[in-house]
Amino acid sequence: MLIIGGLVILSFIISMNTGHIRLSPLDVFKTLFGMGVDNQPLILFEFRLPRIVISILIGSGLAVSGAILQGISRNALADPGILGINAGAGLMVMLFVSFYPVTSNAPIFLLPIMALFGAGFAALLIFMLSYKKNEGISPTRLVLSGIGVAAGISAAMIVLTLRLDPEKYQFVATWMAGSIWGTNWKFVVALLPWIVILLPLVFYKARVLNVLNLGEQTSIGLGTPIKKEQIWLLAAAVGLAGSSVSVSGGIGFVGLIAPHLARRLVGPRHELMLPTSALLGSLLVIAGDTIGRTILQPSEIPVGIVVAVIGAPYFLYLLARSRA
């Protein structure tokens, strides 16, 4: 965890120095202490720092959301993107943006709430489709239901984009590709309370996730109220994913890759695995955003595409191994 935390800090520093207009480490140091010249304070404080902070927040939020879903379902392929929770949040964000400009303050702070409603609706639908009485949630049904719901919501989003004017269509297309579009401090303030409140609550429930991994019968025998805990944890996963998606766009695979790597590094105990997942998710999103901003300058590749290039092969590997 200390090594990963050090890599996050290193990525933070590299991202501050990297961009279309390069700032040397010395320039960054001077600017941070009020000695910047020309447009250096504007570049650092108004463009790069908000984006880096948002990358950390959404990376940790999506990663921990994926870890919760994997723990609840006992399915290694569970992820808020694959299960359609991100798509539900995205559909609500797209509908909201279609009627309100995102430049005013009120819609910015309402975006996480609207995304939460969309993600909650998708999660409820998936839960109803994958749950059977006396059997609980089947891991296989959960993934298949999530893929079906995600496909349906994505189709609805494509149909709705046909009715948008060119400016809003460009925004929606960029959002669906997974671009961090909320790049000012207002979006940081809108997202921060959700992450700061929900992450400690999930870390507090780490022992419950350990018990849930033992199976439903064993958990009941140990006195754990299964249904109640599943609902609370699912609500936390939806809140983390929905609020993150509201400012990050459709970034997938973070909630799949980070928990898996964390489990390999520190083991299955959620007391260690959850914070490690948060660190790995932050590292993945910061690195992906930095690569996307610099590899084809002055053009920019959405971070969702960079993460997908890494995540898709890993998902296929997990799928192949699960069949075996």
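Begin by selecting helix α3 (residues 40–73) and helix α8 (residues 185–204); the crossing of α3 and α8 is left-handed. A crossing is called left-handed if the near helix is turned anticlockwise from the far one by less than a right angle, and right-handed if clockwise. Helices are DSSP runs (H or I, at least four residues), numbered from the N terminus.

This is a predicted model, in which local features need pLDDT of at least 70 and side-chain atom pairs count only at pLDDT 80 or more, while totals for chains, interfaces and linings use all residues. Residues are numbered from 1 along each chain as its sequence is written, and side-chain values use heavy atoms, with hydrogens and water left out.

**α3 and α8**

The axes of α3 and α8 lie 10 Å apart, at an angle of about 30°. Axes are lines fitted to C-alpha atoms, for helices over the stretch in contact, and angles run from 0 to 180 degrees between N-to-C directions. The angle therefore makes α3 roughly parallel to α8; angles under 35 degrees count as roughly parallel, over 145 as roughly antiparallel, 65 to 115 as roughly perpendicular and the rest as oblique.

Next, display the side chains where the two helices meet, including Phe45, Leu49 and Val53 in α3 and Trp185, Phe187 and Leu191 in α8. Contact means heavy atoms within 4.5 Å. By class, this contact has 18 nonpolar, two polar and one charged residues. Ala, Val, Leu, Ile, Met, Phe, Trp, Tyr, Cys and Pro count as nonpolar, Asp, Glu, Lys and Arg as charged, and the others, Gly among them, as polar.

**α3 and α13**

Among the contact residues are Ser55, Gly59 and Ala63 of α3 and Ser277, Gly281 and Val285 of α13. The residues of this contact divide into eleven nonpolar, eight polar and three charged.

**A salt bridge at Arg51**

Select Arg51 and Glu300, whose side chains meet in a salt bridge (2.5 Å, N to O). A salt bridge is a side-chain nitrogen of Lys or Arg within 4 Å of a carboxyl oxygen of Asp or Glu. Arg51 is in helix α3 and Glu300 in the loop between α13 and α14 (303–323), 249 residues apart.

**α4 and α7**

Move to helix α4 (residues 85–99) and helix α7 (residues 166–176), whose axes come within 11 Å and cross at roughly 165°. This makes α4 roughly antiparallel to α7, in a right-handed crossing. Met94 and Phe99 of α4 and Phe171 and Trp175 of α7 are among the contact residues.

**Confidence**

Finally, colour the chain by pLDDT (the predictor's confidence in each residue, from 0 to 100). Confidence is lowest in helix α10 (residues 216–221), at a mean of 60, and highest in α13, at 92.
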